[in-house]
Every structure is written in structure tokens, then in C-alpha cells.
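Here's a quick tour of the model below.

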Amino acid sequence: MALYLGLDASTQSLTALVIAVEGSTRRIAFETSLGFERDLPAYGTRGGVLPSADSLVAEAPPLMWAEALDRVMAAVAASGLDLSALRAVSGSGQQHGSVYLNTSWAPALRRLNGRRPLVDQLDGVFSRARSPIWMDSSTSVQCAAIERAVGGTAVLARLTGSRAFERFTGPQIRRFFERDPDGYGATDRIHLVSSYLASLLAGADAPVDRGDGSGMNLMDLARGAWAPAALAATAPDLARRLPPVVPSSAVAGTLAPYWVERYGFPRARVVVWSGDNPCSLVGTGIVVPGALAVSLGTSDTIFGYLREPRVDPSGTAHVFGAPTGDWMSLICFKNGARARERVRDAHGLDWDGFARALESAPPGNDGAIMLPWFEPEITPAVLEPGARTFGLDPSNAAAHVRAVVEGQMLAMATHSGWMGERIERIHATGGASGNRAILQVLADVFGADVFQLDAGNSACLGAALRAYHADRTAAGEPIGWDEVVAGFAEPARASRVAPIPANVRIYAQKKQIYARREAEVIGCT
Ligand code: XUL
């Protein structure tokens with residue numbers, strides 16, 4: 001039996017998940033989680049984020065992440081698992097967050113001593129005590145300056161996979177340089193959350209993987225290497241401060257003597273960490289062309305597998321490197337669960353009643369349309385909220401229920417069209433994926449099979465699966481991604497919802513009408 005450890009440093013917590021693989025027998029052998037606010041109160045965070053007087057600023061203490069790593073590794077060691085079977089470790093980090101380190105970082109890593117807690121040995125290594133994280137939106141000025149310097153929004157999007165976004169690392173680095181040039185000057189290394197924690201595991205500076213690297217507005221998406229024009233547009237002398245970019249299956253080293261001496265870990269391979277979204281792509285089993293994961297949660301999110309480094313011409317979606325060596329899209333629709341709830345509540349229904357109402361209205365809804373923007377929307381960009389309806393009878397509850405679900409699914413199909421992939425299979429996760437009436441609309445709009453997937457912590461599972469894949473490759477016994485995810489991120493066949501051909505034809509037409517309506521309304525907002 002071989003064990004693989006995945007770690008997930010998310011905004012609020014650090015989770016560890018160990019998978020056991022023995023031939024075709026696969027299981028999750030251990031899982032544990034530490035909440036930053038609850039378990040590490042001394043750092044004073046609320047849900048992992050430091051309080052700030054400026055509502056646009058969101059930061060977290062990088063030392064807290066190190067302490068959490070130490071504690072979670074201690075819990076894995078105390079789990080009763082046979083640690084000698086541990087072959088490899090990898091991880092998933094909240095994307096975009098950055099850690100700023102001075103010249104004492106590299107020697108401190110080399111000297112880590114198993115007799116003293118990790119945090120005691122990181123005293124003085126940070127050139128910035130607070131790390132900006134993905135919830136920060138304080139860098140609009142820097143975003144505009146970077147886009148101007150590279151030749152415009154579309155140029156930056158084509159080069160790096162995304163236009164400039166406030167939370168992306170490049171704009172954050174530029175703001176740090178502008179506001180604290182001395183702090184920037186004292187910075188010898190800038191890590192992502194992912195590469196920082198991988199460095200602590202390996203006891204040496206770890207590279208950035210091309211999945212997380214593409215969330216920075218700094219990496220050439222097609223080449224998987226730093227983009228000199230983006231670096232020059234961001235801050236001076238940036239290249240020497242960044243670790244190299246490597247494929248997501250690269251091995252950064254082995255567990256440092258610290259982990260061996262302190263907790264009895266073997267010198268297992270440390271596989272480079274990636275971002276939570278690339279890890280989730282693997283953890284939801286999206287490892288082949290034509291596959292898409294749709295998470296129906298507070299927001300509705302699409303993870304799509306891309307064979308080519310295409311970008312979204314509208315600039316709302318992101319394209320990241322995928323752990324498979326290909327690419328992935330991340331498309332977020334803010335009006336997810338809450339929009340469905342608004343309609344459900346407005347008509348006095350519970351979820352069963354909502355499903356029955358949905359089924360009782362005809363597919364296509366006799367031409368009625370809802371643009372479901374109850375709140376400001378990300379995709380497409382709508383700042384002024386307000387659902388718009390066309391041809392809907394106000395007293396017809398079933399038509400409203402069908403209209404909100406159709407509107408959401410038609411928006412997903414419309415705004416994923418740029419991916420240029422023929423979608424054959426969708427893995428549905430999140431709260432509303434338990435509702436098969438909703439999944440039927442999804443299947444009919446995309447003309448694809450939909451499967452229900454109980455994803456659990458897909459980012460953490462994805463990290464463990466990446467460790468498994470990279471370990472086998474490094475050992476000279478490479479295995480395919482299909483085999484990696486089998487038994488772990490594979491939906492049950494019985495959960496399949498097949499598209500109904502007559503409905504697929506209805507929605508092929510309605511998609512065009514929906515796109516026209518949307519364009520008209522956006523044109524006049
Ligand atoms: C993606 C994003 C978040 C973070 C934190 O662009 O900002 O999903 O990765 O989860």
C-alpha cells in the first residue's frame with residue numbers, strides 16, 4: 001500500500017487528506033482540518049483574514065500558515081497511519097496570495113531544526129509581515145497601470161490568461177513596491193501561498209507551478225514561463241525575486257530533515273503545490289477534453305478543461321495552467337444559490353416544490369426569459385442588479401422557477417462558448433447538484449451527460465492525487481490521469497442525467513435568443 005498526502009491551505013483553514021492506493025483498491029485513509037480563527041486565535045484573524053480599517057484590503061499573517069502546517073503535519077504523524085508508506089506530499093493553496101521574504105529566508109530554510117517549533121525558526125524572515133490575499137481589491141490603480149504598460153487589457157489577457165484583476169499577484173506586488181519601496185527593496189523572494197508552504201516542507205526554495213503561476217498576471221500562459229513584458233510592467237528587478245515556473249508534476253525535493261526528526265516522516269517526495277482551482281479540477285475528475293465541472297453553490301462556478309491556451313474575449317473568465325499540462329478555465333457566476341432561493345421564496349415553495357414546479361413548466365418556457373441578476377453579476381459584468389424578465393406571466397410560479405434555472409444554464413453555455421470545446425460530460429457538485437430537475441436543464445442546455453459528484457474537499461483531494469501522479473512519473477512508472485482519479489473523483493454511473501434530444505434542439509435556439517437579450521440589456525445598463 002502507498003500513501004499520498006494532500007494539504008489544502010484555504011482562506012479559513014488548513015486541511016490534510018491522505019489517500020491509500022493498493023492496485024485498484026483506493027480509499028481516503030485520514031483527514032483532518034485546522035481552522036485559523038478557532039485553532040490559532042493568537043493571530044487575531046476573522047476566518048483567516050486580518051481585520052483592516054480599509055474595506056478594500058484583505059491580508060493574512062504568513063507565519064500563521066507556517067504554524068498551521070506544523071500542527072497539521074503533527075496530526076498526520078499522530079494519526080496511526082504507517083508513515084513509512086508515505087511516498088509523496090503535495091498541496092493546494094488559495095490562489096493569488098503572496099509572501100515576501102528577505103535574505104535570511106534561504107539560510108533559515110536550510111537550517112530548520114527538528115527540536116524547535118517551525119515558527120520560532122522563521123523569526124525575521126519576512127520583509128512584509130502581512131500577506132495580501134485573494135479577497136483584496138485595493139489595486140485598481142495598479143491594474144490600470146499594468147494594462148497600459150503592456151499595451152492594453154486584451155494584450156495582458158492574451159499573454160497571461162486574464163486581464164488585470166485586483167486580487168492577482170502582479171498588481172499586489174506593484175502596490176507593495178509603490179507604497180513601501182524600502183520593503184520591496186529588502187525583499188529577496190516573493191512566493192505564492194502554495195510555493196511558500198512547499199518550501200517549508202522541502203526545506204528549500206520551491207518553484208511556482210504553472211497552474212498557480214497563471215493567477216498572477218505575470219506568466220506567459222502558453223509558454224508556462226515568466227513573461228518579461230508583464231514583469232517589467234509590474235515592478236523593477238522582479239525576475240530575480242520570483243522562483244522559477246515549472247510544470248505542476250515537478251518534484252521540489254523531499255521532506256526536509258525537520259519533518260523527519262520532529263514527527264518521524266520518511267523522506268517522501270515533495271511535489272510542487274498548485275492553486276486551489278487547478279487542484280479542484282483534478283479533484284472533480286476533469287482530466288480529459290470535453291469534460292466540465294459545474295459547482296452549483298452560493299456562486300455557480302465552471303471548471304473547464306482546455307486543450308489550447310485560449311482566453312475569454314469578454315475578459316470575465318480566467319485561464320490557468322491545468323495540472324495535466326493542458327489548461328483550464330474558471331468562470332464564476334455570482335447569482336447562484338441566492339437567485340434560486342429568491343425565486344423559491346417569492347413563490348412560497350420549498351426545494352421539493354421548486355423541483356416539481358420546474359418539471360411542470362415546458363422546456364423552453366414558451367419563450368419566456370429571465371436574466372437572473374438579482375445581485376451584481378461577474379459573468380457577464382453587471383454592476384446594477386435587478387433580474388430582467390421577458391414574456392413571463394407574473395402569477396405563474398412554475399414559469400418563474402423554470403426561467404431562473406434556464407437563465408442560469410443558458411448563461412453558463414453562452415459564456416463558456418469561447419472555450420471552443422465540445423462538452424460531452426459534466427460533473428455537477430455543490431448544494432443544488434442534488435436536484436435532478438435542475439441537472440436535467442443543465443444536460444439539455446449543454447447537450448451533454450451530467451453526473452452527480454460528491455466532491456467533498458476537491459482541492460485537497462486534487463492535491464493528494466497530484467502527489468500520486470507525480471510520484472509515479474518520478475519513479476519511472478507513469479500512469480494516466482484517468483487511472484489517477486479512478487475510484488476517487490469518479491461519479492457513480494447511476495447518477496447520470498442524459499440530455500433529451502428534443503429539449504437539446506429547443507435550447508440550441510433559445511441560447512441564441514438569450515445571448516441577444518443579454519447583449520441588448522448590457523448595452524443599455
Ligand atoms: C480564484 C480565486 C479564489 C481563490 C481562493 O481566482 O480568487 O478561488 O483561489 O479560493
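Predicted model: local features only at pLDDT ≥ 70, side-chain atom pairs only at ≥ 80, totals over all residues.

## Overall fold

How does the radius of gyration of the protein chain fit with a compact globule? For 525 residues, a compact globule would come in near 24 Å, and the protein chain has 23 Å, so the two agree. If you'd rather think in terms of a box, the C-alpha atoms fill one of roughly 70 × 55 × 40 Å along the principal axes.

## Around the ligand

Where does the ligand sit? You'll find it in the largest pocket. The residues around the ligand are Gln95, His96, Trp134, Arg167, Asp276, Asn277 and Leu330.

The side chain of Asp276 has an N or O atom 2.4 Å from a ligand oxygen, and a polar side-chain atom of Arg167 lies 2.7 Å from an oxygen atom of the ligand. Gln95 uses its backbone instead: a polar backbone atom there is 3.1 Å from a ligand oxygen. On its own the ligand would expose 290 Å², and the protein buries 85% of that.

Most residues other than glycine have a negative phi, and most peptide bonds are trans. Two spots here are worth a look with that in mind.

Start with the peptide bond between Thr379 and Pro380, which is cis, with omega at about -5°. Pro380 belongs to the loop that runs between strand S20 (369-371) and strand S21 (388-390).

Then there's Asp237: it isn't a glycine, yet its phi is positive, at about 50°. To find Asp237, go to the loop between helix H10 (228-234) and strand S12 (245-246).

Technical notes:
Residues numbered from 1 in each chain as written. Heavy atoms only, no water. Near = heavy atom within 4 Å. Polar contact = N/O pair within 3.5 Å; in protein donor to acceptor, adjacent residues only side chain to side chain. Areas by Shrake-Rupley, 256 points an atom, 1.4 Å probe, with all protein chains shown as cover. 1 Å grid on protein atoms, 1.4 Å probe; cavity = no way out; pocket = protein on both sides within 12 Å on 5 of 7 lines; lining within 4 Å. Sits in = over half its atoms within 2 Å of the grid points. Rg over C-alpha atoms; globule rule 2.2 N^0.38 Å. Helix = DSSP H or I, 4+ residues; strand = E, 2+ residues; numbered from the N terminus.
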